Amino acid sequence: CKHESFEKIPGPPGIPFLENALDFAIDPVKLFNYFRNLALNNKDLFKVKIGPKKFVIIYNPEDVETLISGTKHNSKGFLYGFMKIWLKDGLLLSDGQKWHTRRKILTPAFHFNILRHFNSILVENCWKFVKRLEMELDKPKTELSTVITEFTLNSICETAMGTKLDEETTDGMGKKYKNAIFKMGRYIVYRASRIWMYPTFIFDITIVGRKQKRVLDLMSSFRDNVIDKRRESAECKKLLLEATAKADTAAANDDIYLTRGKKKLAMLDLLLQAEKEGKIDAKGIGEEVDTFMFEGHDTTSTALQMIFMLLANNVDSQDKIVDECDRIFGSSDRSATMDDLTQMKYLECCIKEGLRLFPPVFFIQRMLTEPMKFREHEVPAGTDCTVFILDLHRRADQFDEPHSFKPERFLTDCPSWHPYSYIPFSAGPRNCIGQKFAMMEMKLAISSVLRRYKLLPVTKPDDVVFITDFILRPSHPIYVKFARRQD
Ligand code: HEM
């Protein structure tokens, strides 16, 4: 077939030299809509340019498969560069050999056996979450992000990091950390959309650059607090001693770190063990803790907020989840086991549908290290390719009534859509390492809440407006009303 040059790809008109660079210096809501409108008006892909820098934005499943299924293009894109100052060479941003080594160290941390152990920690956290919501029952509405983020941040710290945030830390540092991440997203987008802020020596002396520095300092001290607490804990010291003794006496294999009697090594322990073996240094550990604390709580928090709102507005789906829980638990008040979670098929459909309509990671980016063909379009090396997951998930040629909440579409074993048209956790070698953890946490949280409370609508899904960030971030708080469930 005939291939057309990059110039023939549709895109907004630019001005000489700067091209589209000035289009982006607008407020973050307008910026979000700028890209959405381009996606609405162009069927499969479009291009933009910042000076000589080329970007192509794709949302055709065939093109997405071409880009992310292989190992070739695993370099992260241009925009991620602005996150480097924060997440550095952590798993999300690194590439090449460094990424490969780190992924190998960290993969066992999300093994089924470890998740089984995490289940009991998450169950305890769900109880606290449910109890916390009791205070909301008399209120006309509840703002979701505060209560949910507290739950997801505590959960990632206690599971992956093996560090319990005490109340003082949750109230003080935890809340500041959550706000810091929110601010960091704003500063990164602010800089990325203003070409004159690209040189570091200029950005660093601007007001936003100085604010970003303060936010980074706060996040570093939260991270160091979490690492130091675990390093000094007697449990961690003991586990590491045992793991080393075992490694000295037995043939070392990947399973060695998984289980020590009934105790399991948390992700942070795996990193501390790898440090002892010279595979990673203290700086590397900090990078991974920053990466997992961010990816491990902000994504699930956004997903839970959106799904709670969707369920509040879809009472039939809520009732079906409750019926499913009744079938599993009968009249017992016991908590869910891993086996119970696998039986929550309808709830799983609701979560999947929530992630389709509102994917928390709504775009991903890769830098082309060699030219690539997207069907009839030829794209040169050096171009940054963005997969617009949000628009991919709402394609009318893939999903029936794409803008409606229809969890039943996921009940089928043979989906009618292209496998690369539904990728909330991405796909291929750089897929989400925490997806099983995330599904487990979300199933536990939603089932625990719905077994006790009814969700009533306040914010309507169609009224939610988003700002540009690395995570799908609503411009205004999302509310629901919690009421006691009467049998
Ligand atoms: C609903 C929840 C979640 C969603 C929607 C989600 C989505 C994603 C997506 C789309 C990617 C690919 C990013 C890219 O290519 O740039 C990714 C990567 C990643 N996610 Fe998640 N994620 C979720 C939860 C989690 C959790 C709970 C953790 C940690 C416990 C986690 C850790 C990571 C890490 C470390 C990467 C980078 C993996 C690599 O490049 O090797 N995520 N996630």
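**Ligand shell, sheets and core of the predicted model**

The ligand is surrounded by 23 residues, of which the closest are Glu295, Gly296, Thr299, Cys432 and Gly434; a residue is near a molecule or strand if its C-beta atom, placed from the backbone, lies within 6 Å of it. Two or more residues of this shell come from each of helix 12 (282-312) and helix 17 (435-450). Helix 12 makes the greatest contribution, 7 residues. By residue class, the shell around the ligand holds 14 nonpolar, 6 polar and 3 charged residues, where Ala, Val, Leu, Ile, Met, Phe, Trp, Tyr, Cys and Pro count as nonpolar, Asp, Glu, Lys and Arg as charged, and the others, Gly among them, as polar.

The model is predicted, and local features are given for pLDDT of at least 70 and side-chain atom pairs for pLDDT 80 or more, while totals for chains, interfaces and linings use all residues. Residue numbers start from 1 along each chain as its sequence is written. Helices (H or I, at least four residues) and strands (E, at least two) are DSSP runs, numbered from the N terminus.

An open sheet of 4 strands is arranged in the order 1-2-9-6, and its pairing is mixed; two strands pair if DSSP finds at least two bridges between them. Strand 1 (45-50) and strand 6 (363-367) are at the edges with a single partner strand each, so one side of each has no neighbour in the sheet. From one strand to the next, the twist averages 20°. Strand 1 runs antiparallel to strand 2 (residues 53-58), and 6 bridges join the two. Within this pair, Leu45 stands opposite Ile58, and Val48 stands opposite Phe55. The two strands form a hairpin with 2 residues between them, and Gly51 in the turn has a positive phi of about 55°. On strand 9 the pairing is parallel, with 4 bridges to strand 2; the bridge partner of Phe55 in strand 9 is Asp384. In a regular strand the side chains alternate between the two faces of the sheet. Helix 2 (residues 61-68) lies across strand 1, strand 2, strand 6 and strand 9 (384-388), and runs at about 130° to strand 9. For such angles, axes are lines fitted to C-alpha atoms, for helices over the stretch in contact, and the values run from 0 to 180 degrees between N-to-C directions.

A further open sheet consists of 3 strands in the order 3-13-10, with antiparallel pairing. Its edge strands, strand 3 (142-143) and strand 10 (453-457), each pair on one side only. Between strand 3 and strand 13 (residues 479-484) there are 2 bridges in the antiparallel sense, and Glu143 has Tyr479 as its bridge partner in strand 13. Helix 12 lies across strand 10 and strand 13, at about 80° to strand 10.

The largest nonpolar core has 117 residues, and those that touch the most other members are Ile58, Met267, Ile307, Val387 and Ile389. Such a core is a set of buried Ala, Val, Leu, Ile, Met, Phe, Trp, Tyr and Cys residues joined through C-beta atoms within 7 Å. A residue is buried if 20 or more other C-beta atoms lie within 10 Å of its own, exposed if 12 or fewer, and partly exposed in between, with C-beta atoms placed from the backbone. Helix 12 supplies the largest share of this core, 13 residues. Apart from neighbours within four places in sequence, Val387 is in contact with Ile58, Val64, Leu67, Ile68, Phe363, Ile364 and Leu392; contact requires C-beta atoms, placed from the backbone, within 7 Å.

Helix 11 (residues 267-276) is mostly covered, 8 of its 10 residues being buried. Among them are Met267, Asp269 and Gln273. Leu355 belongs to helix 15 (residues 345-357) and is buried, because 25 other C-beta atoms lie within 10 Å. Beyond neighbours within four places in sequence, Leu355 is in contact with Ala303 and Pro424.

Phe17 is exposed, with 8 other C-beta atoms within 10 Å, whereas Glu19 is buried, with 21.

Technical notes: Contact = placed C-beta atoms within 7 Å.
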